[in-house]
Amino acid sequence: MELINHRYCIDGVDVLDLASRYPSPLFVYSAATIERQYRRLSDAFAATRIRLNYACKALQNINILRILCRAGAGLDAVSVQEVRMGLLAGFPPERIVFTPSGVCMEELEEAVSLGVHVTLDSLSLIEKFGLRYGTQVPVFIRINPHVMGGGHLKISTGHKGSKFGISYEQTAEILELVRRYGIQVEGLHMHTGSDILDLNAFFASADIMFRTAAQFPSLRFIDMGSGFKVPYKPDDYQTDIVQLGAQLSAKFNAFCQDYGRELTLIFEPGKFMVSEAGYFLTKVNVVKQTPITTFAGINTGLNHLIRPMFYDAYHHIVNASNPEGEVKNYSVVGYICETDTFAWERPLPEIREGDCLVFQNAGAYCFSMASNYNARLRPAEVLVRDGRDFLIREPEVFDDLMRHQIDLG
């Protein structure tokens, strides 16, 4: 988002113009930013054979999926519904990897019927899958590397106490089940966490993955998950993609040489692809002075953007209506009947009732985690592409809340 002639713009489209033409609150996405992020990651790993599978749990609008499909991405899906969305968006089944956690056998069977790659994340599922399919259907197996990585405990998924994957210390048990049922293991998968600050977490996980992979003779894929840190604050730390790409590519290429065959390295970025592409436009309902702070109450809440309450996440906020106003401290809060505080004592240009406040980095895990809590309606979504804006999701109306209720009278 750029400040042009004292007005904030998203790829040349005026933010206040968007706020006047669409109902508020409003999610807005930049197609150019998504395409740029895909190229950045692809270029960083140009030295090796790579596939970038977009983790669509981050943002699932079919138009976003199509942007990434056309760019050449694959898809990482964690539910069979996400698999079906991916197929509708044009992803071929062979470019979709289904990586669920703790699902039932029936959901795996549906994924198999759709022709996508499936991932097994428990010993019991490996046994059930082997009994059902034997040698017929190749699988990925998710390994837990016992590496703590991630910006918050709730988004750290590779530590020893995590529910995700099978401990690498249980590799012998995995191999015994594979041998017993003749299961074809075509890939190993792991995901250490999100917002990883230390590159060494990636390298430590890779070392464990490669040692484990050496025990599986027929692999085609190594899936390293994701976790790349994107900047949420001005001057925030972000993963050095170039350095990571160079060092991890060298490790992977050396492993392939020792393994005796060239494999495909997979990453499954979600946040990296879409976080910076998203903006959340809100309106100030009330400015309320108290003995403690000045509250700016806006027309949204944790029902639309839960990350600050759920993960203590920071989102940079700009006052699009008064970008050059006198800077004062405000506590930005929502309208939900909970303590939904987006920012406490945040320095912002003077806020007035009716002003448009814009949350940045609102592309990942914002709309996709939105709800109808307090019977509030979910917002519209708009895509900005080639200097034009397009409505890609209509705002909900009251009838949407009642649509699936059955009134017994």
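The count of disulfides, meaning pairs of cysteine sulfur atoms within 2.5 Å, comes to zero. The model is predicted: local features need pLDDT of at least 70 and side-chain atom pairs pLDDT 80 or more, while totals for chains, interfaces and linings use all residues. Residues are numbered from 1 along each chain as its sequence is written, and side-chain values use heavy atoms, leaving out hydrogens and water.

**Cysteines**
- The closest cysteine sulfur to that of C56 belongs to C69 and lies 12 Å away, too far for a bond.
- C104 is in no disulfide, as its nearest cysteine sulfur, in C56, is 18 Å away.
- C56 is buried at 0% relative accessibility, whereas C104 is partly exposed at 41%; buried means under 20% relative accessible area, exposed over 50%, and partly exposed in between, with a 1.4 Å probe and protein chains only.

**Helix α8**
- Helices (H or I, at least four residues) and strands (E, at least two) are DSSP runs numbered from the N terminus.
- Eleven of the 15 residues of α8 are buried, including L199, F202, F203 and F210.
- Among the elements covering them are α7 (171-181) and α9 (241-259).

**Sheet**
- Three strands form an open antiparallel sheet in the order β1-β2-β3; strands pair if DSSP finds at least two bridges between them.
- β1 (2-4) and β3 (13-14) are the edges, each with a single partner strand, so one side of each has no neighbour in the sheet.
- β1 pairs with β2 (residues 7-10) over three bridges, and E2 has C9 in β2 as its bridge partner.

Conventions:
Contact = heavy atoms within 4.5 Å.
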